[in-house]
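Here are my notes for your reading of this model. Keep the structure open beside them and find each residue as it is named.

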Amino acid sequence: MTGSIPLLEASPPDPTPDAGPKYRGGPFAYFIALTFGLTALGGGLLLVQSGRPAWGVACLVVFGAVAARSIACLVEHFRHPTSLPRLHAVLGDVLAFRIRSTCRDVAATVFFDSDKPAAGSATRLLCFVENYASRQRVARFRIGPHPALGLAAAHVVDLHLAAGQAAVYVRPLSVAAALAPGEHDLPVTLQVQKPTGTGVRLPGSRRHLYDLWTVHFAAPFTVSDIAAQPSAASEPPRFLTLASASEKQPRLDALQFLAR
Amino acid sequence: MLSPEVFHRLRAAQLRSVHEQELLSGRDWILICAGVHALAMVYPVFLLINVLRLHSASLNQHLHPAINVAFTLASGLALLGFWWWSRYAPYRAALGALAGYVALQGALAALDPHQLVVGATFKAVVILGLIQAILVSHRRHSAQ
């Protein structure tokens with residue numbers, strides 16, 4: 001749990017359980033195991049040879065512990081079976097969105113629908129997310145602040161994502177009638193937590209994407225100078241499942257509300 | 001089933017958002033270049049302090065360290081200026097940043113060719129970063 005910030009479960013809930021090793025055991029684990037293992041052995045032997053056995057043992061214990069931890073991660077990685085559910089790749093393949101990077105294995109994109117609202121009208125912010133990992137993630141979106149969209153302070157929301165789950169968070173917003181026509185940006189920041197470990201990338205996910213710790217978005221919208229009837233964002237925020245690794249097909253019908 | 005019109009609308013809005021994110025990335029490249037350039041400024045400033053405060057002979061006989069520091073400072077300020085401008089005209093700002101940087105460093109090299117070698121790694125990183133800023137902002141520029 002993350003303090004007072006609500007943790008939202010997508011509707012319908014995704015029952016896909018965590019799978020795969022808790023630690024990834026990738027190239028970084030090999031690097032740490034080799035570096036610290038060699039340092040422990042070499043440093044320890046040198047210190048013992050130079051007549052400082054206590055320092056030698058200390059070196060062996062400290063650096064050896066780090067190496068042993070990395071080796072344990074690698075062993076866990078190889079002991080796990082490789083039968084993992086396949087990802088639907090909704091964002092990159094089905095919806096054909098352009099995804100340049102992931103945030104701790106979560107692909108995300110943020111934009112407005114409509115992105116050309118009139119001043120005083122309502123619009124929606126869509127936050128599409130897809131978990132490429134074999135273990136659950138919590139995606140924290142910090143939306144705003146943007147007083148002209150009714151966000152005097154940043155709106156923070158935590159979205160729970162099961163392994164392989166794709167979902168969309170819909171946040172209705174009202175454009176202030178006094179907002180000047182032209183181009184505007186809504187700043188959105190994404191950070192991802194790994195409550196049950198890292199896991200591995202699911203089959204079907206793209207492996208060559210940059211994996212970042214924090215991703216900053218600037219959702220653009222153009223306020224037109226056409227007069228509109230003032231309307232408040234009446235619908236509540238929604239968090240909808242678009243695909244589950246446990247199901248054969250994605251649930252794109254969940255996006256029906258976008259049809260006008 | 002969703003209509004193709006909805007798909008098309010979503011993709012267009014998402015593509016616009018990606019371009020906006022790339023625009024931020026292009027601005028970031030110019031700022032990173034300014035930061036790298038600030039690191040490259042350490043050695044000329046060290047030389048200047050050495051000459052002015054410790055009254056030692058300049059390590060570089062061809063050019064007074066003050067001139068080197070002045071050019072380096074001007075390049076850094078120009079990069080910061082172009083970074084500020086890139087908020088309004090990212091493509092032209094990135095082009096201007098590269099042109100300005102190359103012109104100032106070229107003028108410095110014309111005074112003392114030895115300066116091309118000093119800090120060559122930093123210069124290469126800055127130029128590559130500015131080329132990246134141009135490529136990023138060009139994608140948005142051509143999409144418009």
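Predicted model: local features only at pLDDT ≥ 70, side-chain atom pairs only at ≥ 80, totals over all residues.

1. The lining of the largest pocket counts 29 residues, and the closest to the centre are A:Arg100, A:Ser101, A:Leu212, B:Gln21 and B:Ser25. Find these five before going on.

2. Next, the elements around the largest pocket. Chain A gives two or more lining residues from each of strand E2 (101-103), strand E3 (106-113), strand E9 (210-212) and strand E10 (214-223). By class, the lining of the largest pocket has 15 nonpolar, nine polar and five charged residues.

3. Stay with H1(B) and look at its packing against helix H3 (residues 65-85) of chain B. The angle between H1(B) and H3(B) is about 165°, and the axes are 9 Å apart. An angle over 145 degrees counts as roughly antiparallel, so H1(B) is roughly antiparallel to H3(B). The crossing of the two helices is left-handed.

4. Who makes that contact? From H1(B) come B:Arg27, B:Ile30, B:Leu31, B:Cys33, B:Ala34 and B:His37. From H3(B) come B:Thr72, B:Ser75, B:Gly76, B:Leu79, B:Leu80, B:Phe82, B:Trp83 and B:Trp84. In the contact of H1(B) with H3(B), nine residues are nonpolar, four are polar and one is charged.

5. H1(B) also packs against helix H4 (90-111) of chain B. Are these two helices roughly parallel or roughly antiparallel? Their angle is about 20°, with the axes 10 Å apart. The limit for roughly parallel is under 35 degrees, so H1(B) runs roughly parallel to H4(B). This crossing, too, is left-handed.

6. The contact with H4(B) uses B:Leu23, B:Ile30 and B:His37 of H1(B). H4(B) brings B:Pro90, B:Ala93, B:Ala94, B:Tyr101 and B:Gln105. By class, the contact of H1(B) with H4(B) has six nonpolar residues, two polar ones and no charged ones.

7. Now the cavities. How many of 30 Å³ or more does a search of the whole structure find? It finds two. The second largest cavity has a volume of about 30 Å³. Its lining is B:Leu23, B:Gly26, B:Arg27, B:Ile30, B:Ser86, B:Pro90, B:Ala94, B:Ala133 and B:Ser137. H1, H4 and H5 of chain B each supply at least two of the lining residues. The largest share, four residues, comes from H1(B). Five lining residues of this cavity are nonpolar, three are polar and one is charged.

8. Last, check the backbone of chain A. Most residues other than glycine have a negative phi, and most peptide bonds are trans. A cis peptide bond joins A:Ser11 and A:Pro12, with omega about -5°. A:Pro12 sits in the loop between strand E1 (7-9) and helix H1 (27-49) of chain A. The bond from A:Asp113 to A:Ser114 is also cis, with omega near 5°. A:Ser114 is in the loop between E3 and strand E4 (122-131) of chain A.

9. One phi value deserves a look. A:Ala96 is not a glycine, yet its phi is positive, near 55°. Look for A:Ala96 in the loop between helix H3 (90-94) and E2 of chain A.

Definitions and conventions. Residues numbered from 1 in each chain as written. Chains lettered and ligands numbered in written order. Heavy atoms only, no water. 1 Å grid on protein atoms, 1.4 Å probe; cavity = no way out; pocket = protein on both sides within 12 Å on 5 of 7 lines; lining within 4 Å. Nonpolar A, V, L, I, M, F, W, Y, C, P; charged D, E, K, R; others polar. Axes fitted to C-alpha atoms, helices over the stretch in contact; angles between N-to-C directions. Parallel < 35°, antiparallel > 145°, perpendicular 65-115°, else oblique. Left-handed = near helix turned anticlockwise from the far one by under 90°. Contact = heavy atoms within 4.5 Å. Points joined across faces, edges and corners; volume = space filled by probe spheres on them.
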